Amino acid sequence: MRYSGLKIIKEALTGHRGWGPAWRDAEPKDTYDIVVIGGGGHGLATAHYLAKIYGQSRVAVLEKGWIGGGNVGRNTTIIRSNYLLDGNEPFYEFSLKLWEGLEQDLNYNAMVSQRGILNLYHSDAQRDAHIRRGNAMLLHGADADLMSIAAIKKRYPFLNTHDARFPIKGALAQHRGGTVRHDAVAWGYARAADSRGVDIIQNCEVTGFRIEGGACTGVETSRGFIAARKVGCAVAGSSSRLMALAGLRLPIESHVLQAFVSEGLKPILPGVVTFGGGHFYVSQSDKGGLVFGGDIDGYNSYAQRGNLPTIEDVCEGGMAVFPMLGRARMLRAWGGIMDMSMDGSPIIDRTPIDGLYFNGGWCYGGFKATPASGYSFAHLLATDTPHETAKAYRLDRFRRGRMIDERGAGAQPNLH
Amino acid sequence: MIIPHPLLGPRDAEEFTYLGDAALLDRPDPTAEDAEEAFYEYLYLRDNVAGETRELWFHEGGDRSWLVVTRNTLTHEIIRVELARDVALNRAAGR
Amino acid sequence: MSDLRPRSALDGVDDVIGTIRLREVTNISLVSVAARRNSQDRCHAWLRMTFGAVPGPNGSESSVAGTALWMGPDQWMLSRQIGPDFDYAGNIKTELDEAASVTEQTGSWVMIEVTGDRLADAFERLCAIPIRTMQPGEARRTQINHQSCFVVLESKSAARILGARSSARSLWHALTMTARAL
Amino acid sequence: MSQINRLKDGQIERSETLHFYFDGKRYSGHPGDTLASALLANGVRLMGRSFKYHRPRGPFSSGSEEPNALVTLRDGARAEPNTRATTAELFDGLTARSQNHVGSLRFDMMAINDRLARFLTAGFYYKTFMWPAAFWEKLYEPLIRRSAGLGALSALDDPDAYDKGFLHCDLLVVGAGPAGLATALLAGRSGAEVILADEDFRLGGRFNAETGLLTEENGVDWAARTVAELTSMEKVRIMPRTTVIGAFDHGIFGAVERVSDHLGKTPADRPRQILWRIHSKRSILAAGATERSIAFANNDRPGIMLASALGAFANRWAVTPSRRAAIFTNNDSGHRVAADLLAKGIGIAGVIDTRDDAPVSKDFEVFADAQVLDTSGRHGLRSIKVRDGSGKLMSIECGALGVSGGWNPNVHLSCHHGGKPVWNDELSVFVPGPKLPQGMTVIGAAAGRFSTHEALASGVEGATDALGSLGLKAQAIDLPEAEDAPVEITPFWHVGGDAGRAWIDQQNDVTVKDISLAYQEGFRAVEHLKRYTTLGMATDQGKTSNVAGLAIMAEIARKEIPEVGSTVYRPPYTPVAIGAFAGRARGKDFRPTRLTPSHDWAKERGAVFVEAGNWMRAQYFPTSSETNWRQTVDREALAVRTSVGVCDVTTLGKVDVQGSDAAEFLNLVYANGVLKLRVGKTRYGIMLREDGIVMDDGTAARLAETHFVVTTTTANAVPVYRHMEFVRQCLCPAMDVQLMSTTEAWAQFTVAGPRSREVLAKIVDQDLSNGAFPFMACANVTVSGGLRARLFRISFSGELAYEIAVPTPYGDALIRRIMEAGEEFQITPYGIEALGVLRIEKGHPTGNELNGTTTALNLGLGRMVSRKKDCIGKVLSRREGLNTLDALNLIGIRPLDPETELRAGGHLMALGGTVDASHDQGYVTSACYSPNLRSHIALAYLKSGGDRLGEHLRLVSPLTRETVEVEVVSPHFVDPEGSRLRE
C-alpha cells in the first residue's frame with residue numbers, strides 16, 4: 001500500500017478502514033539466506049538494503065523485543081557528517097546523502113529536517129581543530145562553514161555572549177546536518193523491508209549460534225533453531241553479550257548515555273547546537289520538545305538508566321549556552337546502552353567465524369549512521385567485501401595499530 | 001551512585017573517575033615472545049559482562065586511592081570494594 | 001632573611017554575611033608527609049608524639065604543634081599557624097629524614113574558616129559531606145562547586161576549608177553566595 | 001464579577017484578598033488558592049486549548065497530574081510556559097496567560113484543526129508530505145513546526161538563582177498523606193533521622209480533599225496535629241513544596257524544593273528553587289493514587305473533570321465549576337464525592353453508575369447500569385446525554401461532571417530502577433512489583449491499600465520494617481479510627497459505540513479511535529502504541545491516560561491487560577526547571593576560575609587574559625602605543641631573543657616524586673631513560689599511553705637521590721597525575737615511591753633571553769655561571785637573601801633560560817623583584833602568545849601537536865623510546881600501523897611570500913594535481929608570525945615529511961578560502977644546533 005496525501009483523504013472519508021499493518025508480524029521460517037540479529041535501526045536498514053539493493057529476499061530480522069526499541073527509539077535524533085578522519089568522513093557523508101533521499105526511498109515520512117548543526121568553539125586551539133575538521137569535510141565533498149559570532153547571533157540571538165565563562169569565539173557549521181523523527185526511521189525501514197518480503201520477527205531472542213567446522217550455520221532462538229547461510233549481528237549495546245555466545249571478545253564496552261526532552265514549547269531553536277566548553281547538545285523536535293544530551297555517565301552499565309551528576313552536568317552546559325533554558329522544564333530523562341568502542345569508531349566486518357558478521361561499536365554515532373550502516377552491512381553480507389566507505393571499520397585494526405580515534409582519547413571507551 | 005570506600009565509607013560516585021575492567025591490573029610481560037598479542041588483548045579486549053564485574057575507580061576527589069569495585073552492571077549493585085594496591089600486591093604474591 | 005613579602009590568597013579577608021562569618025586563616029604553613037615503604041611505624045610514632053595520635057581516615061589530630069589531617073593511605077597534611085617564611089617542610093624533613101616523603105604545601109592551599117550557628121545549613125548547600133552527623137575533628141575531602149576541598153569540622157558551629165589557592169576567589173565567591181542564600 | 005462560585009468553608013484565608021490577572025482580566029482570590037481554584041471561584045472554566053485539535057479545556061484534575069489547565073505564569077524574563085494552574089499557588093499580583101491559540105482563547109483560529117480531525121489521525125504525517133521532496137523543507141515542515149508546542153520561552157536569560165543541596169537521612173518519606181504522616185510519625189518518635197517531602201504546599205494529602213476519612217475527628221485536624229508534632233522533632237525535617245523527582249542508585253533521591261515560586265517575587269540573593277540530592281538509608285513511597293477517567297464522546301469539555309478533583313475543589317478550596325453537577329462513576333468513590341458536593345450546597349443532577357448494583361442514595365438520584373454517551377457546551381459543559389439501565393436516553397443539564405474510573409497507585413518512583421508494576425485483578429490496578437529501588441518500601445494507596453485505615457496501618461508497618469533494618473526500635477503509636485471501605489469497582493474504561501471522539505490523553509488529543517487505528521496498523525506493543533499515537537507523551541506523561549490506553553488496547557486485542565504490558569516510568573516525576581539542575585554553575589560561575597600568582601601584577605600592567613582550561617593566563621601585555629595584538633606579541637617575542645623576558649609558567653603541572661624507587665618508577669613512566677639522571681640534573685622526557693601514543697611531555701628534575709620533580713603540560717596535569725598514580729598503585733604496588741601534586745605549591749617563572757643570567761644573578765643567592773650552573777641543571781636555592789626556591793636551567797624558547805620557583809605566597813613579590821632586577825635590560829613580560837611564537841620557532845610540540853593520535857615517531861622523537869628498557873606503551877608502539885613508511889612527521893613550513901599568513905588546520909597538497917581528501921598529505925598544527933625570521937611560519941605533520949625538506953607544497957584551507965605555496969623546512973627554525981641555550 002502506497003502512502004500519500006490522497007490516500008489519507010480517501011481513508012478519512014471512509015472511516016480509515018483501509019489501513020493495513022505497517023509490517024507483517026511474521027512467523028520464523030526454518031531457514032533463510034541471511035539472518036540479521038537486531039530489529040533496531042541498523043538491523044532494519046540492513047534488511048531493507050539487502051532486499052532492495054542486493055536482491056536478497058530470503059532475509060529475516062530477529063528482534064528479542066519490539067522493533068525500534070533500542071537506540072533508534074532513544075536518541076537525540078541528530079544527523080551530521082562533520083567528521084575529521086579519512087576512515088569516518090566518507091562513511092558519514094554517504095549516510096547523510098542517504099538521509100536526504102530517505103522519504104522517497106521508503107515512501108515513509110521520517111521528517112528529515114536539515115536545519116543545520118553548529119559546533120561552538122571557545123579557544124584558538126579549538127578553532128584550529130575545527131578548521132582542520134571543516135577542511136577535511138570539504139575535501140571529502142561534504143559541506144562545512146566557519147561562522148562568526150555575529151552570524152551565529154543572527155540565528156541564535158539568545159546565545160550567551162555576554163557573561164560566558166568560556167566565551168564563544170565562533171562555530172563550525174554543517175548546514176546540511178539536522179534531525180530526523182527517530183521512531184519513524186525504524187518503522188519506515190521495517191515497512192519498506194517487509195514490502196520486499198523480509199520477515200520481521202519480534203519477540204524472538206537469539207540464545208546461541210550453531211557453529212560447525214568453524215562456520216556459523218544458524219541461530220538458536222527463543223522460537224527454535226533458524227538456519228542461515230549468513231548471520232549478521234547489529235545489536236548495539238548488546239554486542240558483547242551476543243558475540244560471547246559465539247565465543248568472541250570485542251574491543252567494546254557498554255555504557256549508559258542519558259538523553260532528555262523538555263515540555264513542548266513553541267519553536268525557538270532553529271537548528272542543532274553543540275557546546276564546546278562542556279558537554280551539551282540540543283535541538284527542538286517537530287512537536288516542540290527540546291531534545292538534549294551530553295556525556296555518557298562514564299561507567300559500564302546495562303541498566304538503561306543513569307544518575308544525577310550527569311543530568312546536572314548536561315543542564316549546566318545548557319545554561320552556559322542558552323541561559324533562557326532555566327525556565328524550560330525537563331519532562332523526561334532516559335538512558336540507553338551505548339556500545340562504546342576502543343577508539344570511538346564503529347566496526348563493520350567479518351568475524352573469525354565463517355558466515356558470522358558483526359556491526360557495532362557505534363558509540364554516540366549510531367543514529368546518524370543508520371542508513372550507511374545498513375547499506376554497508378548489507379553490502380558486506382551480500383558480497384563478502386567491505387563497502388567502499390566502510391573499509392576502515394575492521395575488527396583487527398586495534399591489533400594492527402590502525403585506530404580511527406577522532407577524539408585522540410586512546411583505548412578508553414568512556415572518553416570517546 | 002554511592003561507593004563504599006574501604007577506608008572512607010560511603011562516598012558519592014561523583015568524586016571518582018572511572019577507568020574500566022580490573023583486568024588492567026594484569027599488565028603482560030613485555031619481554032614475552034607474544035608480548036604484542038598479549039598487550040593487544042590486555043588493552044583492547046573486554047569481557048564487558050552484563051552482571052557482576054570488577055572495575056577500577058580512582059578517588060580523584062578524595063584520597064587518590066585506586067579502588068577495585070565489584071559491581072553488577074545490570075543493577076548497579078556494589079558487591080565489594082578493595083584498594084587496588086592491595087589487590088595488585090596479592091596478585092604479585094600469587095605469581 | 002629574605003625581604004620578599006608573602007601574600008595570602010585572599011589578603012586575609014574577613015567578612016560576616018547574615019549569620020555566617022567567613023575568614024581567611026593566614027600565616028598557615030602546610031606540608032604533606034607520606035610514609036616511605038617499611039617506615040610506616042616510624043611515621044606513626046612521630047605523629048603520635050607530635051600530635052598525640054595518628055589521624056585515621058576522615059580524621060585529624062591537633063596539638064600545640066598544629067594539626068595533622070589524614071589525606072590518603074599513609075599520607076597526612078600537617079598545618080601549623082606560623083608564617084610561610086619558616087621552612088616548615090625542611091624542618092619536618094630533618095625530623096623524619098628518609099622515613100617519609102615530605103612535600104612543601106604552603107602555597108597550594110587557601111584556608112577559610114566558616115563560623116556561625118547555621119554552619120550545617122550552609123554546608124548542606126555546598127557539598128555532600130554528612131555535616132550534621134560529623135563530630136569535631138572529623139574531616140572530609142569533598143567538592144564545593146566543582147572545586148576539590150578539605151573540610152575539617154572544629155565544632156558544631158565552626159569549620160575550616162582547605163581549597164586550591166589558585167581558585168581561592170571562586171571558592172570565596174561560592175561561600176558568600178551560599179551565606180547570602182540562607 | 002467576584003468569586004460567584006466560591007462555596008463555604010475550605011482551607012483558604014478569606015480574611016485576605018489577593019488580586020491576579022488571567023489573559024489581562026483582573027480577578028480576586030485568597031491565600032491557599034491555586035490559580036485554578038481561584039479562576040473557578042470567579043466562574044472561569046475555560047483555561048486553555050489542547051495540543052492538536054485546539055479544543056477548549058479547563059482543569060481536569062486538582063493536582064500535578066493536570067493535562068489541560070496549562071498557562072504561562074508571570075511575564076518577561078520570568079515567564080514560565082506550561083505551568084499547571086492546578087498547582088500554581090496564588091499570590092497577589094499574579095499574572096498568567098493562556099496558551100496555544102491564534103486569536104483569543106475563546107475564539108482560537110486554529111480550532112479549525114478540530115473540524116479536520118478525521119484527516120489528522122494518529123501518525124498521519126508519516127504518510128504524506130513526501131512529494132515533491134523540495135516542498136518538505138520549504139512548505140510542509142514549517143507548517144508542522146508552527147503548530148508545535150504549547151507555551152513559549154521568553155528567549156531572555158532566566159534572572160533567578162537556583163541552589164543545590166545535599167541531605168543525609170535514615171529514612172526518606174515521599175508523600176505526606178495519611179500513610180506518609182503515620183509512617184513519619186512513628187519513625188520520628190522512634191528516633192530516626194527522617195525527611196518527609198511532599199509536592200503540595202499543604203500537607204495531609206487526601207485529608208485535605210475528602211471528608212469522613214476518620215470516624216472520630218476531622219482528618220484535616222489530625223494531619224495538622226501530626227505535622228505539628230513532627231515539626232517539633234529535632235531529627236525530622238519536613239519539606240513541603242518539595243517534589244521527589246527520581247530514585248537513583250543506592251538510596252540517592254533527587255528532590256526539587258520550590259523556595260519562592262509561591263511568592264510575588266524572589267527575595268534578593270535567595271534561590272527560586274533548590275535541587276536536593278538526598279542520601280537515604282531507607283525510603284518509603286507514600287505517593288498516593290491518581291484517579292482515572294472513563295472515556296466517552298466529548299469527555300473533554302471545561303467543567304468535566306475527575307470526580308476527586310471536583311471534590312477537592314469543593315472541600316479544600318470551596319469552589320466549583322458550576323452550582324449543578326453530575327457524577328459518572330464505576331466505583332463507590334464517585335458517590336462519596338456526590339455527598340460532599342451536596343454538603344457544600346451544590347445541586348447533584350445525578351450519579352450515573354455503570355454498575356447494575358450501584359448503591360442507592362436518599363439524597364440524590366442514582367442511575368444504575370447507566371452511561372454518559374455524549375456532552376454539549378462549546379466553551380464549557382452545559383448538558384450530558386445519559387442512557388439509563390432501561391436504555392432510556394435523557395439529557396441532563398449540568399455545568400460540572402465528575403468522572404471516576406477508579407484509582408491508579410502512583411507507582412512511578414518504585415519503577416525508576418527498571419522494575420515493572422504488576423496487575424492486581426481484584427483491585428484492577430497496577431501495583432508496585434517485586435523489583436523496587438534498593439531500600440524502598442511502598443505504602444498506602446501507592447501500594448493499592450486504598451482505605452484510610454489501610455493507609456495508616458501500612459504506614460506503621462512500613463516504618464516498623466524500616467526502623468528494624470536501621471537498628472532502631474519502633475515506639476508504640478496510637479492511630480485514629482478510620483474508614484475501611486473495601487474497593488467496590490467493576491472495571492469500565494470507555495463507553496462503546498461510534499458516537500464520536502472519546503479522549504484518553506486529553507492534552508495530546510489521543511482518542512479511543514486513535515488507539516484502535518494504531519492496533520489496526522500493527523503498532524500493538526505498548527511502546528509502539530505510545531510513540532505512534534503520542535499517548536502519554538504530553539507534559540503529564542500520561543498520569544491520567546496511560547493505564548486507560550493499555551486497557552483499551554487489551555480490549556481491542558482481546559488480551560488481559562498485563563499481557564499488553566506497561567509503560568516505562570522515567571524521572572523526573574513531574575517536569576523540572578532546567579535551571580534547577582544547573583544550580584549556581586552558570587554564567588561566569590559555570591566553572592571555577594584559576595588565577596596565577598602574578599595575576600594581579602599582570603592586571604596592573606594591563607595584560608590581556610585568556611582562558612586556558614580553568615586557568616586565566618596573560619595572553620599578551622600591550623603598551624599604550626600598540627594598536628593591535630600582533631605588534632605586542634612581536635615585541636615580546638623579539639625581546640626574549642635579543643635581551644630578556646619573563647613569563648608565568650605556574651600552570652604547568654608539577655608532581656613531586658619521592659622514594660627509594662622513584663627513579664625506577666619514572667623509568668617505567670617515561671619512554672626515555674631516567675634511571676641514570678644525575679642529582680642536580682634535569683631531563684626532557686615523553687610519556688606514552690599504553691597504546692603507544694604520546695600522552696604528554698615535560699621535564700624530570702632530580703633534586704636528590706630519592707626526590708624528583710616532574711612537570712607536565714598545563715592541560716594534562718590532572719590526567720598525567722592520575723596515570724602516574726595508576727602505575728604506582730596498580731602496576732608497581734611494591735615500589736617505594738610517593739606522589740604529590742605540587743602544581744599550586746610553587747609560583748614558577750621563566751626568565752628567558754641572553755640577559756637572563758644577569759637578571760637572576762641579582763636575585764638568586766648563588767653562582768649562576770655556566771660552569772657552576774650549566775644547561776639542564778637544577779637545584780634547591782635561596783633567593784633575595786634566604787627565601788627557599790627552586791631553580792631549573794631549562795628552555796622552552798631556545799634561548800639561555802631559567803625557570804625559577806618560590807612558594808606561591810611569594811609569587812607576587814618575586815615577579816615584581818624580577819622586573820626590578822631586569823629593568824636595566826628592559827626586561828619584557830610576555831604572555832602565552834609570545835610563548836607560542838618562541839616554541840614554534842624552536843619546533844617544540846604542545847597540545848596542538850600532542851593531539852592524542854601522534855607517536856614519538858611522528859614527533860621525530862622515535863629515538864627517545866629506549867630500546868634497552870621497558871616503558872608504558874613500548875610494546876604497542878611497535879604495531880605496524882604506527883610505523884608505516886608514509887607515517888606523518890613533524891616538519892616546519894614557510895610561505896614563499898613571507899607576508900602570507902599560514903592557516904593552522906589547513907591541509908597540505910602537492911603543488912599540482914587535484915585537491916581532495918585522497919591527495920591529502922598532512923595538516924598544519926600550529927602557525928604564527930615569526931618576528932625573528934620576519935616571516936609567517938608553521939609546524940605541520942606531513943607524510944614521510946622527514947625526507948622532504950625543501951619540497952614545495954600547497955597549503956589549502958577551503959573552509960577559509962585560502963591557498964598558499966609553502967616550502968617544507970626543519971621544524972627548528974631558530975638556532976637548530978641549540979647553541980644559545982648552552983651559552
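Q: How many salt bridges are there across the interface of chain D and chain A?
A: The rule finds 14 salt bridges across that interface. Keep in mind that this is a predicted model.

Q: Can you show me one of them? Which residue does A:Arg327 meet in a salt bridge?
A: The side chain of A:Arg327 meets that of D:Asp160, at 2.9 Å from N to O.

Q: And which helix gives the largest share of chain D's side?
A: Helix α3 of chain D, residues 133-146, gives the largest share of the side that touches chain A, with seven residues.

Q: What about the classes of residue on that side of chain D?
A: The side of chain D that touches chain A has 54 nonpolar, 36 polar and 35 charged residues.

Q: How many residues does each chain bring to the contact, and what area is buried?
A: Chain D brings 125 residues and chain A brings 117. The area buried between the two chains is about 10100 Å², and carbon and sulfur atoms give 56% of that. There are also 67 residue pairs in polar contact across the interface, with both residues at pLDDT 80 or more.

Q: Switching to strands: which strand of chain D is joined to β16 of chain A?
A: That is β29 of chain D, residues 576-577.

Q: Which other residues are linked with them in a network?
A: A:Asp313, A:Glu316, B:Asp12, B:Glu14, D:Arg277 and D:Arg591 are linked with A:Glu312 and D:Lys164 in a network of salt bridges.

Q: Chain B shows up there! How many of its residues are in contact with chain A?
A: 22 residues of chain B are in contact with 26 residues of chain A. Together these chains bury about 2300 Å², with 50% of it on carbon and sulfur atoms.

Q: How many salt bridges there?
A: The rule finds three salt bridges across the interface of chain B and chain A. B:Arg46 forms a salt bridge with A:Glu253, and their closest N and O atoms are 2.9 Å apart.

Q: Last topic: which residue does D:Arg189 meet inside chain D?
A: D:Arg189 meets D:Asp478 in a salt bridge, at 3.5 Å from N to O. D:Asp478 lies in the loop between α9 (452-469) and β27 (503-505) of chain D, and D:Arg189 in helix α4 (residues 178-189) of chain D, so the pair ties together parts that are 289 residues apart in sequence.

Q: How open are those two?
A: D:Asp478 is exposed, with a relative accessible area of 58%, while D:Arg189 counts as partly exposed at 30%.

Notes
Residues are numbered from 1 along each chain as its sequence is written. Chains are lettered from A and ligands numbered from 1 in the order in which they are written. This is a predicted model: local features need pLDDT of at least 70, side-chain atom pairs count only at pLDDT 80 or more; totals for chains, interfaces and linings use all residues. Side-chain values use heavy atoms; hydrogens and water are left out. Contact means heavy atoms within 4.5 Å. Buried area is the accessible area (1.4 Å probe) that two parts lose on being put together, summed over both. A salt bridge is a side-chain nitrogen of Lys or Arg within 4 Å of a carboxyl oxygen of Asp or Glu. A polar contact is a pair of N or O atoms within 3.5 Å; within protein, one must be able to donate a hydrogen and the other to accept it, and residues adjacent in sequence count only if both atoms are side-chain atoms. Helices (H or I, at least four residues) and strands (E, at least two) are DSSP runs, numbered from the N terminus. Ala, Val, Leu, Ile, Met, Phe, Trp, Tyr, Cys and Pro count as nonpolar, Asp, Glu, Lys and Arg as charged, and the others, Gly among them, as polar. Two strands pair if DSSP finds at least two bridges between them. Buried means under 20% relative accessible area, exposed over 50%, partly exposed in between (1.4 Å probe, protein chains only).
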